[in-house]
Amino acid sequence: MSAKSAISKEIFAPRDEKMLSAAQVKRRTKKKIPFLATGGVGAYSTFICLSVTNKKPQQLYLTKVKQFEGSSSFEKRSQWTVEQLRQVNGIDPKQDCPEFDLVFDGGSDQWQASSSTEKSMFIQILHHYCQRYCTVRKPDFINCPSKLVGGTRAAQASVNDAGSAAQKARQALSERGDRLARTEEKTEEMMNSAQQLSDTAHKLAMKYKN
């Protein structure tokens, strides 16, 4: 069983949550620890996981999970709701890179994923589910390649552009129809006037002829 499958089964399934994505990460800048007990905590692997509750209303969570060296189990360390996530910084919008930052209400973490592919997949899935489930506040995604976060916005922009074009076309057709209707009215009035003049002229001609 892979580490991510084990995390899903061990950490999230018992809490009635579904793990949507996970990325193995390490800090780009180490946190300063003023005091560390003798022997320390040893080496460990860190995963940032995205999950959603099965019960409605569904809630998105970001959870930091660790696996310590020599242990086969995983431990949940920190957890945030996605509404607490202020910003996702992809670092470089022009090329793939493994670095990204997560900025929360109470601070930020600078991460480096195990690969640029794993980071890209995590950000893409995170963006997708934020658009789907976040109703109060959505995090800002900055410095991310458009292929990761542009789908929803591009699609919406296309819909808006199409709707605007259709509205303009309907308006133009309506205005053209109004102009044609007015032209027809004027033409009919002119024909009626011409007919009246013709009838009057004919009557006068017959009068003076007699």
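User: Is arginine 27 buried, partly exposed or exposed?

Analyst: This is a predicted model, in which local features need pLDDT of at least 70, side-chain atom pairs count only at pLDDT 80 or more, and totals for chains, interfaces and linings use all residues. Residues are numbered from 1 along each chain as its sequence is written, and side-chain values use heavy atoms, without hydrogens and water. Buried means under 20% relative accessible area, exposed over 50%, and partly exposed in between (1.4 Å probe, protein chains only). Arginine 27 has a relative accessible area of 27%, so this residue is partly exposed.

User: Which residue forms a salt bridge with arginine 27?

Analyst: A salt bridge is a side-chain nitrogen of Lys or Arg within 4 Å of a carboxyl oxygen of Asp or Glu. For arginine 27 the closest N and O atoms of the pair are 2.9 Å apart, and the partner is aspartate 109.

User: How many residues apart are aspartate 109 and arginine 27?

Analyst: Helices (H or I, at least four residues) and strands (E, at least two) are DSSP runs, numbered from the N terminus. Aspartate 109 is in strand β7 (residues 107-113) and arginine 27 in strand β1 (residues 17-27). The pair links distant parts of the chain, 82 residues apart.

User: Is glutamate 17 buried or exposed?

Analyst: Glutamate 17 forms a salt bridge with arginine 15, with the closest N and O atoms 2.9 Å apart. Arginine 15 is partly exposed at 29%. The relative accessible area of glutamate 17 is 9%, so this residue is buried.

User: How many salt bridges does the structure hold?

Analyst: One of them joins arginine 86 and aspartate 105. Arg86, Asp105 and Arg137 are linked in a network. The number of salt bridges in the structure is eight.
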